[in-house]
Amino acid sequence: MSSERNVNVFAALILVLSIIGIILLATQWFAGFYYTGYGNRYSCFDCDYWTPADLTAQILMLIFLIAQIVIIINDLLPKKFIHRDLDKFGLLLAGCTVLLAIIGLASFGIYYDAYDWWPDTGFYGSIIAGILNTILFFLKSKNK
């Protein structure tokens, strides 16, 4: 008899969304503003116009998304390296990712309030990954 292992669809989706969120957060602008007479300016990991709070939020979101990947890889492996149910911890990390995206954007918006500012791809990638991962971790824990 073969012992086939079914892959949890929720776990696979969380893995894909976390990877996409990391790629968008790490490679794209988080937020931007129009600097009158000089053009657009942006906040990202290697940009000059970040605020301490939004850069901290971006770094923590990156760490939280990586931690969600580790949790899901542990869940997908046949022989787990962490022998605990980490779904609630993943749910907490995903919720904190959403909260940090909002805090980071609010910090940027408050600091650059005198200019026309906007959220950008890094923000949208991280908040959408956080929201969907929150839902998927919840569904994954209820589906056991």
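Predicted model: local features only at pLDDT ≥ 70, side-chain atom pairs only at ≥ 80, totals over all residues.
A residue is taken as buried when its relative accessible area is under 20%, as exposed when that area is over 50%, and as partly exposed in between.

A disulfide is a covalent bond between the sulfur atoms of two cysteines. The torsion about the S-S bond of Cys 44 and Cys 47 is 85 degrees, and the link is right-handed.

Charged side chains form a second group of contacts. Side chains of opposite charge can pair when their charged atoms come close, and a search of the whole structure finds 3 salt bridges. Asp 75 takes part in a salt bridge with Lys 80, in which the closest N and O atoms are 3.3 Å apart. The two residues of this pair fall into separate accessibility classes, since Asp 75 is buried at 14% relative accessibility, whereas Lys 80 is partly exposed at 31%.

Asp 75 also forms a salt bridge with Lys 140, and here the closest N and O atoms lie 2.9 Å apart. Because Asp 75 belongs to helix α2 (residues 52-76) and Lys 140 to helix α4 (residues 121-142), this pair ties together parts that are 65 residues apart in sequence. Lys 140 is itself buried, with a relative accessibility of 1%.

A further salt bridge brings the side chain of Lys 140 together with that of Asp 87, at an N-to-O distance of 2.7 Å. This pair likewise links distant parts of the chain, with Lys 140 located in helix α4 and Asp 87 in helix α3 (residues 87-111), at a separation of 53 residues. Asp 87 has a relative accessible area of 3% and is therefore buried. Through salt bridges that share partners, Asp 75, Lys 80, Asp 87 and Lys 140 are joined into one network.

Note on methods
Residues numbered from 1 in each chain as written. Heavy atoms only, no water. Salt bridge = Lys/Arg side-chain N within 4 Å of Asp/Glu carboxyl O. Buried < 20%, exposed > 50% of the residue type's maximum accessible area, 1.4 Å probe, protein only. Helix = DSSP H or I, 4+ residues; strand = E, 2+ residues; numbered from the N terminus. Disulfide = S-S within 2.5 Å.
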